[in-house]
Amino acid sequence: MTRTEYRWLLPSAMADPELPGDRRGRARRTVRDWAVDLTAFLCAAMVGMLTVATIEADPTTPDGVLFADIVIGTLACCVLWVRRRWPLGIAVGLVLVAAVEPVAAGAMLVALFGVAVHRPFRPVAAVGALALALAPVQPYLRPDPGTSFVQATAIGVLLPLLVISWGMAVRSRRQLVVTLRERAHRAETEAELRAEQAQRLAREAIAREMHDVLAHRLTLLSVHAGALEFRPDAPKAEVARAAGVIRDSAHEALQDLREIIGVLRSPGESDGDRPQPTLATLDSLIAESRLAGMKVTFDNRVDDPGTAPAATGRTVYRIAQEALTNARKHAPGTEVTITVAGAPGQGLTVEVHNPAPTEPFERVPGSGQGLIGLTERATLAGGSLDHGPQPDGGFRISASLPWPAA
């Protein structure tokens, strides 16, 4: 059952905000409201009829007074149909009328209940105090032969107190329900915001990963395609080797792209996870770059790269990958030196340096986000990364990452 299907069972004050209202913005009565108002009207009318019967049984009551009682009691009961619009005014009026007209007592009690349900404590207390103050007036002006003045006054005090207490309890419960509903709505909104934030962070992470991975492959393609373009007379063996590197790099780029897109899929849609790069696979990255014609000096001072934490090793791999990509873009033909050192409990450091280019070259445009992504990646891994130009015109990237003791 949806919320719109059962809201007719709720009071208008607790129904959904989408419930249609009148031209002044007030919520229309629900089916439950109509049933409650009809029941209240019948109860007030029944009390009035019983009171009229008691008054009629007294032979000393003039016919004119009896007729006036019936008319006033009928009007008091009818005015209850508009008590939801003006609960405070109706309650005050009926309290004043009931002080001199016993037939309006039932309608007065219904009005007191309504004002206790729909208004805060201060106006309710004021109306209740007025009703209690006027409780002795009606037994004094029109005493009941079968009831003493003290008994009638006590009943006139107790009944309003009971009705007001009941109404305040109902209001308290409704406020609790409304508060719980608001909390639930706020929790749903916060959950949606957290989900949107998680999606945004995931998209940023995927964008960084896509840049780190694909930039390396695409620069290889750019370098070898440029070589084929500017050296159409190269030997067939060299052309074939460059074409092979282009083919392999394109294939690897597609594989990496498929791996990144797999992050966006549900677990059941994955085509299978490829192994993530680690410190142990850094040698293959160096070999790939050398095969592309780069001059790379790799100094690995880690005794057993396979024991390095997976996340730390992957971060070192991405740092070296981005550094080699930048060197191909901004310093082609130079020798890149990569030094990795560390041990459990001592941390892991990686340093990449390349000198300034000595020959003119065609610059490859870059996004400028690679080093920013590396810095964030190193920070998330619990380490730090520094980068910048050197006095000799070269460029250096240095990172320090944690490697807990075994």
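## Helix packing, salt bridges and cores in a predicted model

In this predicted model, the axes of helix H2 (residues 31-57) and helix H5 (residues 105-118) come within 7 Å and cross at roughly 150 degrees. Axes here are lines fitted to C-alpha atoms, for helices over the stretch in contact, and angles run from 0 to 180 degrees between N-to-C directions. Helices (H or I, at least four residues) and strands (E, at least two) are DSSP runs, numbered from the N terminus. On the H2 side, the contact is made by Ala 40, Ala 44 and Val 47, and on the H5 side by Gly 106, Ala 107 and Val 110. Contact means heavy atoms within 4.5 Å. Sorted by class, the contact of H2 with H5 has five nonpolar residues, one polar residue and no charged residues. In this sorting, Ala, Val, Leu, Ile, Met, Phe, Trp, Tyr, Cys and Pro count as nonpolar, Asp, Glu, Lys and Arg as charged, and the others, Gly among them, as polar.

Residues are numbered from 1 along each chain as its sequence is written. Local features need pLDDT of at least 70, side-chain atom pairs count only at pLDDT 80 or more, and totals for chains, interfaces and linings use all residues, while side-chain values use heavy atoms, with hydrogens and water left out.

The protein as a whole has 12 helices and five strands. Of its 406 residues, 34% count as buried, where buried means under 20% relative accessible area, exposed over 50%, and partly exposed in between (1.4 Å probe, protein chains only). Among contacts between residues at least 6 apart in sequence, 67% join residues at least 24 apart.

### Salt bridges

Five salt bridges are found in a search of the whole structure. A salt bridge is a side-chain nitrogen of Lys or Arg within 4 Å of a carboxyl oxygen of Asp or Glu. The table gives some of them.

| Asp 37 | Arg 83 | 3.1 Å |

Asp 37, Arg 83 and Arg 84 are linked in a network of salt bridges. The side chains of Asp 37 and Arg 83 meet in one of these bridges. Asp 37 lies in helix H2 and Arg 83 in the loop between helix H3 (63-78) and helix H4 (87-98), so this pair ties together parts that are 46 residues apart in sequence. Both Asp 37 and Arg 83 are buried: Asp 37 has 4% relative accessibility, and Arg 83 has 7%.

Leaving aside its neighbours within four places in sequence, Arg 83 is in contact with Val 36, Asp 37, Ala 40, Ile 90, Val 110 and Gly 114. Among these, Ala 40 and Val 110 also take part in the contact of H2 with H5.

Asp 69 lies in helix H3 and Arg 142 in the loop between helix H7 (137-141) and helix H8 (149-230), so the pair ties together parts that are 73 residues apart in sequence. Asp 69 is buried, with a relative accessible area of 1%, whereas Arg 142 counts as partly exposed at 23%.

Helix H3 also holds Leu 75, which is exposed, with a relative accessible area of 56%. Leu 75 and Ala 107 are 32 residues apart in sequence and 9.6 Å apart in space, C-alpha to C-alpha.

The buried residues of helix H10 (residues 282-291) are Leu 282, Leu 285, Ile 286 and Ser 289. They cover an arc of only 100 degrees around the axis, which puts them on the same side of H10. The arc is that of the directions from the helix axis to the C-beta atoms. An α-helix has 3.6 residues a turn, so residues three or four places apart point the same way. H10 is followed by Gly 293, whose phi is positive, near 100 degrees.

A nonpolar core is a set of buried Ala, Val, Leu, Ile, Met, Phe, Trp, Tyr and Cys residues joined through side-chain atoms within 4.5 Å. Of the 30 residues in the largest nonpolar core, Leu 279, Leu 282, Val 316, Leu 324, Ile 338 and Val 340 touch the most other members. Elements that give two or more residues to this core include H10, helix H11 (310-330), strand E2 (335-343) and helix H12 (370-380). H11 gives the most, with seven residues. Not counting residues up to four places away in sequence, Leu 279 touches Val 302, Pro 305, Ala 308, Gly 313, Val 316, Val 340 and Leu 348. Apart from this core lies another, of 26 residues, among them Cys 77, Leu 94, Leu 112 and Ala 131.
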